[in-house]
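Please open the structure in the viewer and keep the selection tool at hand. The stops below are taken in turn, each with a selection and a description of what is found there.

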Amino acid sequence: MTGVILCGGESTRMDSDKGLLKYNSNTWAQIAPNKIRDLRIPVVISINKKQHDAYSLIFLRQTLAV
């Protein structure tokens, strides 16, 4: 089993990437995998090509799925 965090949307209505919004010191995209990792299953972050540069600053390459 693998946990998949879906962050690949266009965010057109919000006009900013929701996964990169901060809550306390973490982004929303960081909070979700941390909760899934508590279940001791691997996690993959699903992003689109436009998001790769921003998300690669936060996550390890093997965690991202474009």
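Is Y55 buried or exposed? Select this residue in the model, which is a predicted one: Y55 has a relative accessibility of 0% and therefore counts as buried, the limit for that class being under 20%.

**The aromatic pair**

A pair of aromatic rings is described by the distance of the centres and the angle of the planes. The count of aromatic pairs in the model is one. Its members are Y55 and F59, with ring centres 6.2 Å apart and planes at 15°; the pair is classed as stacked because planes under 30 degrees apart count as such.

In soluble globular proteins, nonpolar side chains tend to be buried together.

Next, centre the view on V43. Which residues does V43 touch, leaving aside those up to four places away in sequence? They are G3, I5, P33, I36, R37 and T63.

**Helix α1**

Select residues 28-37, which form helix α1. Its buried residues are A29, P33 and I36. These residues lie on the same side of α1, since they cover an arc of only 55° around the axis. An α-helix has 3.6 residues a turn, so residues three or four places apart point the same way.

Against which elements do the buried residues of α1 pack? Display β1 (3-6), β3 (26-27), β4 (43-46) and α2 (52-56), as these are the elements in contact with them.

**Two loop residues with positive phi**

Finally, select R40, in the loop between α1 and β4. R40, likewise a residue other than glycine, has a positive phi, near 65°. With a relative accessibility of 78%, R40 counts as exposed.

How values were computed:
Residues numbered from 1 in each chain as written. Predicted model: local features only at pLDDT ≥ 70, side-chain atom pairs only at ≥ 80, totals over all residues. Heavy atoms only, no water. Phe/Tyr/Trp six-rings, centres within 6.5 Å; stacked < 30°, edge-to-face > 60°. Buried < 20%, exposed > 50% of the residue type's maximum accessible area, 1.4 Å probe, protein only. Helix = DSSP H or I, 4+ residues; strand = E, 2+ residues; numbered from the N terminus. Arc of directions from axis to C-beta. Contact = heavy atoms within 4.5 Å.
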